[in-house]
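User: I would like to learn how to read a model of this kind feature by feature, with the general idea stated before the particular case. Could we take it slowly?

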Amino acid sequence: MIYFDNAATTQPYPEALRTYQEVSSRIWGNPSSLHRLGSQATRLLEASRQQIADLLGKEPEEILFTSGGTESDNWAIKGTAFEKAAYGKHIIVSDVEHPAVKESAKWLSQQGFDVSYAPVDQLGFIDLEAFQSLLRPDTILVSIMAVNNEVGTIQPIAQIARILEEKPTVTFHVDAVQAIGKIPFEDYLLDRVDMASFSGHKFHAVRGVGFLYKKKGKKITPLMTGGGQENDLRSTTENLAAIAAMSKALRLTLDKQSSTLSYLSQMKNVLLTSLRNYPDVYVFSGEEHFVPNILTFGIKEIRGEVLVHAFEEHDIFISTTSACSSKAGKPAGTLIAMGVPVSKAQTAVRISLDDGNDMSQIEQFLTIFKQIYTKTQKIR
């Protein structure tokens, strides 16, 4: 089997799974309980929070545990909007955000908020002049992803942060779900960034756990109330085993980040060089200012889902862009925002690599690709 769908989810590290199992079986007390088992669980919970904060150069009280990227995005968008509604109701998101952000913004527009969508250029990068022109006195929130999940663009977070330096009352949220381990966190977890979303299963933790970075002093309305966990900001019993496993996975990911990025770049370059030799192949992902693990392409006249299943017959697993919306059968929203015609966007498939992949898999993929390309020639 060749698994090239790591932007959808990653295989948990064995070390993270061992941590999950050990905590589940040995430290199963509720952190909110007053007895010894509860205190033991609380110590591990706070140790995990401290480790994540140390790894990212932040304070432990700035790390809030969630169920994953979708909840973190929803909380950042809706929680900030409700908290700051008295000061303004204007929100800016980009045209290429993940549905967790765009659908949250759309929902807020139905609750009386005004949402503006920042356009992108033909490569998928935020149009900075257009973005700046959207800022208004009543703007309370800007949400921009660090890395696009469909084509792999690295958005100019530092430049946006500089623009927002003159707007200190605007909360700046970054969806960093696809960024962790793929670009240095110093490139997007900047001083001007007030909140950032992370999802454990994107960096080899287990599913169902993530965290929201919230800068100290920034206020946010809770979406869940009840027992008062997470400093009374997110009420529910903490998923301690998953949190501990995520802390371990994050450390392992960041420890080998530099060597991983170099290896991913080599594999992606081989793929790019080969695919560009085929006249009927569209390549939607680039090299400069793109992450090294995502490559999106298509074959003329061949729908993406057809190509996905053609590779699956050879035990090779790729994706039609975003896993969260691929079953809807819609063309990649990012490509449409980039000005790609619908007929062309419908051909898009995504390869997303990880350090568990190797050059022999790249070679096998290219061999199978040549066969599929030849078989579909009559259709083209």
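**Reading the model, feature by feature**

Analyst: Ser 319 touches Asp 5, Val 308, Val 349 and Arg 350, when residues up to four places away in sequence are not counted. Ser 319 sits in the loop between E11 and helix H11 (333-337), and with a relative accessible area of 5% Ser 319 is buried. Please keep in mind throughout that this is a predicted model.

User: Which residues does Asn 148 touch, leaving out those up to four places away in sequence, and is Asn 148 buried or exposed?

Analyst: The residues that Asn 148 touches under that condition are Val 96, Thr 153, Ile 294 and Thr 334. Asn 148 belongs to the loop between E5 and helix H6 (157-164), and because its relative accessible area is 0%, Asn 148 counts as buried. The C-alpha atoms of Asn 148 and Val 291 are separated by 8.9 Å, although these residues are 143 apart along the chain. Glu 129 lies in helix H5 (residues 128-134) and is exposed, with a relative accessible area of 70%.

User: Let us turn to the sheet. What is the order of its seven strands, and which strands stand at the edges?

Analyst: The sheet is open, its pairing is mixed, and its seven strands follow the order E2-E8-E7-E6-E5-E3-E4. At the edges stand strand E2 (63-66) and strand E4 (114-118), and because each has a single partner strand, one side of each is left without a neighbour in the sheet. On average, and with direction ignored, neighbouring strands of this sheet are turned by 20 degrees against each other.

User: How many bridges join E2 to E8, and how many join E7 to E8?

Analyst: Between E2 and E8, which run antiparallel, there are four bridges, and Phe 65 has Phe 211 as its bridge partner in E8. Strand E7 (residues 195-199) and strand E8 (residues 210-214) also run antiparallel and are joined by five bridges; here Phe 211 is the bridge partner of Phe 198.

User: In the largest nonpolar core, which residues touch the most other members?

Analyst: Among the 71 residues of the largest nonpolar core, those that touch the most other members are Phe 131, Phe 172, Tyr 188, Phe 198 and Phe 211. Helix H8 (residues 240-255) gives the most to this core, namely eleven residues. Leaving aside neighbours within four places in sequence, the contacts of Phe 172 include Val 142, Ile 144, Ile 157, Leu 164 and Met 195. Apart from this core lies another, of 29 residues, among them Met 267, Val 281, Val 308 and Phe 365.

User: How many cavities of 30 Å³ or more are found, and which residues line the largest cavity?

Analyst: Rolling a probe the size of a water molecule over the atoms shows where empty space is left. Here a search of the whole structure finds two cavities of 30 Å³ or more, and the largest cavity has a volume of about 90 Å³. The residues lining the largest cavity include Tyr 13, Gly 181, Phe 203, His 204, Thr 260 and Asp 354, and helix H9 (residues 257-275) supplies the largest share of this lining, with three residues.

User: What is the phi of His 204, and what is that of Asp 315?

Analyst: Most residues other than glycine have a negative phi. Phi of His 204 is near 70 degrees, a positive value in a residue other than glycine; His 204 is placed in the loop between E7 and E8 and is buried, with a relative accessible area of 7%. Asp 315, likewise not a glycine, has a positive phi of about 65 degrees. Asp 315 is found in the loop between helix H10 (304-312) and strand E11 (316-317), and at 37% relative accessibility Asp 315 counts as partly exposed.

Notes:
Residues are numbered from 1 along each chain as its sequence is written. This is a predicted model: local features need pLDDT of at least 70, side-chain atom pairs count only at pLDDT 80 or more; totals for chains, interfaces and linings use all residues. Side-chain values use heavy atoms; hydrogens and water are left out. Two strands pair if DSSP finds at least two bridges between them. Helices (H or I, at least four residues) and strands (E, at least two) are DSSP runs, numbered from the N terminus. Axes are lines fitted to C-alpha atoms, for helices over the stretch in contact, and angles run from 0 to 180 degrees between N-to-C directions. A nonpolar core is a set of buried Ala, Val, Leu, Ile, Met, Phe, Trp, Tyr and Cys residues joined through side-chain atoms within 4.5 Å. Buried means under 20% relative accessible area, exposed over 50%, partly exposed in between (1.4 Å probe, protein chains only). Contact means heavy atoms within 4.5 Å. On a 1 Å grid over the protein atoms alone, a cavity is a set of points where a 1.4 Å probe fits but cannot get out, and a pocket is an open set with protein on both sides within 12 Å along at least five of seven lines; lining residues have an atom within 4 Å of a point. Grid points are joined across faces, edges and corners, and a volume is the space filled by probe spheres set on the points.
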